[in-house]
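Work through the exercises below with the sequence and coordinates open. Each task is followed by a solution in steps.

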Amino acid sequence: MFTITKEVYFCYGHRLMKHQGKCRHLHGHSVKAAITVMAETLNEQGMVCDFAEIEAAASEYIDEQLDHNLLLHKDDPLLPALASAGERFLALDEHPTAEYLAKLIFGHIAGRGYKVKSVTLWETSNACATYSEF
Ligand SMILES: Nc1nc2c(c(=O)[nH]1)N=C([C@H](O)[C@H](O)COP(=O)(O)OP(=O)(O)OP(=O)(O)O)CN2
Ligand SMILES: [Zn+2]
């Protein structure tokens with residue numbers, strides 16, 4: 001089995017409503033997502049696929065949905081105020097943790113036909129979460 005990994009960088013604001021500490025308050029992160037795609041055989045170019053293909057598949061989702069956005073749980077009481085102020089935000093079905101964001105990115109890239117092994121989201125320089133289905 002071959003694997004390749006492409007890293008993409010983006011940033012967002014969020015808060016974790018149920019967090020017992022400081023993360024329940026609005027704050028932001030500049031993050032790295034490491035996307036690993038696998039293949040049993042190489043294509044005619046000798047690749048799993050071009051790194052640029054993974055970046056393109058990731059960026060079409062990340063740039064539109066996550067990057068420079070405010071990621072909040074759909075039940076966050078801030079949502080009505082943000083909407084009436086005309087602020088951009090994304091209301092999520094689950095808490096905007098690194099785990100859930102890794103799963104969202106995984107789902108998008110897998111949905112584009114790539115055999116994704118894992119997505120690891122580095123939320124800080126020393127903390128990451130990984131989603132995989134294999
Ligand atoms: N399992 C998870 N734990 C935490 C998440 C998460 O997404 N999944 N998120 C947060 C905060 O949003 C934020 O990422 C803070 O992380 P943390 O590493 O605790 O914060 P610091 O950078 O302040 O850590 P230090 O290493 O102590 O500087 C919290 N937990
Ligand atoms: Zn955070």
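**Exercise 1. Determine which elements cover the buried residues of α3, and describe the helix itself.**

Solution. 
- Step 1. The cover over the buried residues of α3 includes β2, α1, β5 and β6. The model in which this is seen is predicted.
- Step 2. The residues being covered are A98, L101, A102, L104, I105, F106 and I109, the buried residues of α3.
- Step 3. For the geometry, count the residues of α3: there are 14. From first C-alpha to last, α3 reaches 20 Å, close to the 20 Å expected at 1.5 Å a residue.
- Step 4. After the helix comes G113, with a positive phi near 100°.

**Exercise 2. Identify the residues that touch the most other members of the largest nonpolar core, and the elements that build this core.**

Solution. 
- Step 1. The largest nonpolar core has 27 residues, and the ones touching the most other members are I35, A58, I105, I109, V119 and L121.
- Step 2. At least two core residues come from each of β1 (2-14), β2 (27-39), α1 (51-66), β3 (69-73), α3 and β5.
- Step 3. The element that gives the most is α3, with seven residues.
- Step 4. Take I109 as an example. With residues up to four places away in sequence left out, I109 touches I35, A57, A58, Y114 and V116.
- Step 5. As background, nonpolar side chains tend to be buried together in soluble globular proteins.

**Exercise 3. List the residues that surround ligand 1, then sort them by class and by element.**

Solution. 
- Step 1. The shell around ligand 1 consists of L16, C23, T97, A98, E99, E123, T124, N126, A127 and A129.
- Step 2. Sorted by class, five of these are nonpolar, three polar and two charged.
- Step 3. Sorted by element, α3 (98-111), β5 (116-124) and β6 (127-131) each supply at least two shell residues.
- Step 4. One shell residue can be followed further. T124 belongs to strand β5, and it counts as exposed because 11 other C-beta atoms lie within 10 Å, where 12 or fewer is the limit for that class.
- Step 5. K32 is 92 residues from T124 along the chain, yet the C-alpha atoms of the two are separated by 8.4 Å.

**Exercise 4. Decide whether H68, R88, Y9 and L82 are buried, exposed or partly exposed.**

Solution. 
- Step 1. Recall the cut-offs: 20 or more C-beta neighbours within 10 Å for buried, 12 or fewer for exposed, and partly exposed in between.
- Step 2. H68 sits in the loop between α1 and β3. Its count inside 10 Å is 11 C-beta neighbours, so H68 is exposed. H68 also has a positive phi of about 55°, although it is not a glycine.
- Step 3. R88 is found in the loop between α2 (79-84) and β4 (90-92). R88 has 9 C-beta neighbours inside 10 Å and is therefore exposed. Not counting residues up to four places away in sequence, R88 touches N69 and L70. From E60, R88 is 28 residues away in sequence and 18 Å away in space, C-alpha to C-alpha.
- Step 4. Y9 is part of strand β1. There are 11 other C-beta atoms within 10 Å of Y9, so this residue is exposed. Y9 and P96 lie 87 residues apart in sequence and 17 Å apart from C-alpha to C-alpha.
- Step 5. L82 is in helix α2. L82 has 15 C-beta neighbours inside 10 Å and therefore counts as partly exposed. Neighbours within four places in sequence aside, L82 contacts L70, E87 and F89.

Technical notes: Residues numbered from 1 in each chain as written. Chains lettered and ligands numbered in written order. Predicted model: local features only at pLDDT ≥ 70, side-chain atom pairs only at ≥ 80, totals over all residues. Near = placed C-beta within 6 Å. Helix = DSSP H or I, 4+ residues; strand = E, 2+ residues; numbered from the N terminus. Nonpolar A, V, L, I, M, F, W, Y, C, P; charged D, E, K, R; others polar. Core = buried A, V, L, I, M, F, W, Y, C linked by C-beta atoms within 7 Å. Contact = placed C-beta atoms within 7 Å. Expected span 1.5 Å × (residues − 1).
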